[in-house]
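Student: I have a new model open and would like to talk it through. Can you take my questions as they come?

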Amino acid sequence: MSNPRAKLGPLPSIIFASRWLQLPLYIGLILAQAVYVYHFWVELVHLIEAAFGNQHALEAIIAATGQKASEGPNHLTETTIMLVVLGLIDVVMISNLLIMVIVGGYETFVSRMNLEDHPDQPEWLSHVNASVLKVKLATAIIGISSIHLLKTFINAGNYTDRVLIAQTLIHVTFLLSALAIAATDRLLQNPHPQPEPSN
């Protein structure tokens, strides 16, 4: 019986060890997530300050939400609050996407983290592989695209028809791509479905 932990040859060892070159990429994504956390709190602080009448914070919110400063409200409106909250949700969803890429990608392509007995192990990580990760990422991207599209339609007066149509077509493309990925994954998992037995 061959030893599953038999020592690899020099070239296979180098090739296999090259997976650690991805580690700086995941560390970079962690730093990017830290930037998103900072951005989230900046936007939240501006929203709270604008709610108490801070005009500077209101101007920052109007600029961040894509509203025209000359036509923007001089007080916090429901539409502006909704746009800011959708922006915060967008940041959270992108952060979730980053977590899936960082944790799932590291677990799949670099090294096991041995989280089986950890109480905080993500439920999806127990059965993650390259195929599952691809489908989850496609689903997350659709969610992010939906938030962007909703923000655009709420603030449609500040966008041209060309922009509205383009964003809608991009969102539909994401939907069709996700359906194609899911269908391909299903076909790969069941290449030859067994016929149902006749009665």
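Student: What share of the contacts with a separation of 6 or more joins residues 24 or more positions apart?
Tutor: In the protein chain, 63% of those contacts do. Contact means heavy atoms within 4.5 Å. This is a predicted model: local features need pLDDT of at least 70, side-chain atom pairs count only at pLDDT 80 or more, and totals for chains, interfaces and linings use all residues. Residues are numbered from 1 along each chain as its sequence is written, and side-chain values use heavy atoms, with hydrogens and water left out.

Student: How many helices and strands does the chain have?
Tutor: The protein chain has 6 helices and 0 strands. Both are DSSP runs numbered from the N terminus: helices are H or I with at least four residues, strands are E with at least two. The pattern along the sequence is α-α-α-α-α-α.

Student: New topic. How many aromatic pairs are there?
Tutor: The count is 3 aromatic pairs. Rings of Phe, Tyr and Trp (its six-membered ring) pair if their centres lie within 6.5 Å; planes under 30 degrees apart are stacked, over 60 edge-to-face, the rest tilted. One of the pairs is Trp-20 with Tyr-106, edge-to-face, at 6.3 Å centre to centre and 70° between the planes.

Student: Where do those two sit in the chain?
Tutor: They link distant parts, 86 residues apart. Trp-20 is in the loop between helix H1 (10-17) and H2, while Tyr-106 is in helix H4 (residues 78-110).

Student: Is Tyr-106 buried or exposed?
Tutor: Tyr-106 is buried, because its relative accessible area is 17%. Buried means under 20%, exposed over 50%, partly exposed in between (1.4 Å probe, protein chains only). Trp-20 is partly exposed at 36%.

Student: Which residues form a cluster with them?
Tutor: Trp-20, Tyr-26 and Tyr-106 form one aromatic cluster.

Student: And what lies over the face of Phe-16?
Tutor: Arg-19 does, at 3.9 Å from the ring centre. The rule asks for NZ of Lys or CZ of Arg within 6 Å of the ring centre and within 35 degrees of the ring normal.

Student: Now His-171. Which helix is it in?
Tutor: His-171 is in helix H6 (residues 161-189).

Student: Why does His-171 count as buried?
Tutor: Because its relative accessible area is 11%. Leaving out residues up to four places away in sequence, His-171 touches Ile-142, Ser-145, Ser-146 and Leu-149.

Student: Last one. What percentage of the chain is buried?
Tutor: Buried residues make up 28% of the 199 residues in the protein chain.
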